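Dear colleague,

Please find below the structure that I am handing over to you.

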Amino acid sequence: MRLVALAFSAATAFSAASTAILPASTASAYNEARPVLAYYYAWWDPSNFSRTMFTPGQAYNSDDASIIEQHVHQAQSAGIDGFVMSWYGNGDRTDSNLARLLDTAQKTGFRATIHFETPHFWGVDDVVAQLKAFYDKRINSPAMVRYQGRPVIFFWRAGMYDNGTWNSIRNQVDPNHSAVWIADGDQFGILSGDAWDGISPYAIAWSGNPAGQLPSWAAKAAAVAPGKLWIPPVSPGCNDAAARATTCARDRADGAYYQATWDGALASNPQWAIIVSTFNEWMESTQIEPSVQYGDEYLAITRQNADQYRASTLSSNG
């Protein structure tokens, strides 16, 4: 395994939390053909970090534009091309922070899009209205994550509605499929619906064998809809015991589990992208953002694998 074992004191980790692993000049611009993406959360307040098992160098406020800039810099230095940001709708704090993120992304060659939080909205009419608002305000940003020139949107808990309902939503919001819609979950029959252009299960850390699970999932997705996108997740582990009754407790094994998810993702032969789950979901302990406990170890592992992903792609293309 290509693990990076780094020893950090608390003071060193604090510094790592505000300093990327590579200088800004070495960060790559968005790779539209083979991007590495990461789920991103912009609803943090300093008080939230009392419910986390691990801690960043500073307990931050997501509304601080300098924090967003810091996160983009760290992500780029780790080989990440864009954030998929948890989005709670037009007028919400997350929408204001999305605007800040898109502005930063446009200046730096980074990209961003939304993780549409389906359960947050009160019903189908609200889903339609919120998506229309997003299309009106944000989707044409030059900093949007794109696939073959079309902006991409990820949906959380797509299984809340059946395919007939999603087809109706899609026809009302985007009948010409001007964007790419990605469902989440491991119920791959959803791909038979016209609303969906691909699928990306959010969570993998429940699995004790991600190196085998991810290729298995890819095969299932291809069996249902071979022409649609398969986007595998990678994750360092999980533990949400500090935030709620435990639903996930996967030990990081000093980076070995994260590496196993990368091995599985690469073996699953994604057509387009790999997504890190997550950059900064501290309550579930799935973050790769620098921490007091780990320094920037997980940024370094990400960079190693992102480079390998792109190198293997170049090789396979001759």
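A residue counts as buried when its relative accessible area is under 20%, as exposed when that area is over 50%, and as partly exposed in between. Please bear in mind that this is a predicted model.

The protein chain holds eight helices and twelve strands. Of its 318 residues, 58% are buried. Taking the contacts between residues at least 6 apart in sequence, 77% join residues at least 24 apart.

I begin with strand 5, which covers residues 150–156. Five of its seven residues are buried, so strand 5 is largely enclosed by the rest of the structure.

Which strands pair with strand 5, and in what sense? Strand 3, residues 111–117, pairs with strand 5 in the parallel sense over three bridges. Within that pairing, His 115 has Phe 154 of strand 5 as its bridge partner. Strand 6, residues 180–183, also runs parallel to strand 5 and is joined to it by three bridges. Here Val 152 is partnered by Val 180 of strand 6.

Strand 4, residues 146–147, runs antiparallel to strand 5, and two bridges join them. Arg 146 has Pro 151 in strand 5 as its bridge partner. Strand 4 and strand 5 form a hairpin with two residues between the strands, and in this hairpin Gln 148 takes a positive phi near 50°.

Strand 5, helix 5 (residues 163–173) and strand 6 together make a right-handed β-α-β unit. In the loop between helix 5 and strand 6 lies His 177. This residue has a positive phi of about 55° although it is not a glycine. His 177 has a relative accessible area of 24%, so it is partly exposed.

Helix 4 against helix 5

Helix 5 also meets helix 4. Two packed helices are described by the angle between their axes and the distance between the axes. For helix 4 (residues 124–137) and helix 5, the axes come within 10 Å and cross at roughly 35°. Their crossing is right-handed. On the side of helix 4, the residues that take part are Val 124, Val 127, Val 128, Leu 131, Lys 132 and Tyr 135. On the side of helix 5, they meet Thr 165, Trp 166, Ile 169, Gln 172 and Val 173. An α-helix has 3.6 residues a turn, so residues three or four places apart point the same way.

Helix 7 and what follows it

How many residues of helix 7 are buried? Nine of the twelve are, and helix 7 is mostly covered. Among the buried residues are Tyr 257, Tyr 258, Trp 262 and Leu 266. Helix 7 runs over residues 256–267 and reaches 16 Å from its first C-alpha to its last, close to the 16 Å expected at 1.5 Å a residue.

Asn 269 follows helix 7 and is found in the loop between helix 7 and strand 12. Although Asn 269 is not a glycine, its phi is positive, at about 55°. Its relative accessibility is 61%, so Asn 269 counts as exposed.

Gln 213 lies in helix 6, residues 210–224. With a relative accessibility of 18%, Gln 213 counts as buried. Leaving aside its neighbours within four places in sequence, Gln 213 is in contact with Ile 204, Trp 206 and Ser 207.

Two further points

Ser 77 belongs to helix 2, residues 65–77, and at 0% relative accessibility it counts as buried. Ser 77 and Leu 299 are 222 residues apart along the chain, and their C-alpha atoms are separated by 7.9 Å.

Where is a cis peptide bond found? The bond from Ser 277 to Thr 278 is cis, with omega near 25°. Thr 278 lies in the loop between strand 12 (274–276) and helix 8 (297–316). As background, most residues other than glycine have a negative phi, and most peptide bonds are trans.

With kind regards

Definitions and conventions. Residues numbered from 1 in each chain as written. Predicted model: local features only at pLDDT ≥ 70, side-chain atom pairs only at ≥ 80, totals over all residues. Heavy atoms only, no water. Buried < 20%, exposed > 50% of the residue type's maximum accessible area, 1.4 Å probe, protein only. Helix = DSSP H or I, 4+ residues; strand = E, 2+ residues; numbered from the N terminus. Pairing = 2+ DSSP bridges. Right-handed = clockwise from strand over helix to strand, strands pointing away. Expected span 1.5 Å × (residues − 1). Axes fitted to C-alpha atoms, helices over the stretch in contact; angles between N-to-C directions. Left-handed = near helix turned anticlockwise from the far one by under 90°. Contact = heavy atoms within 4.5 Å.
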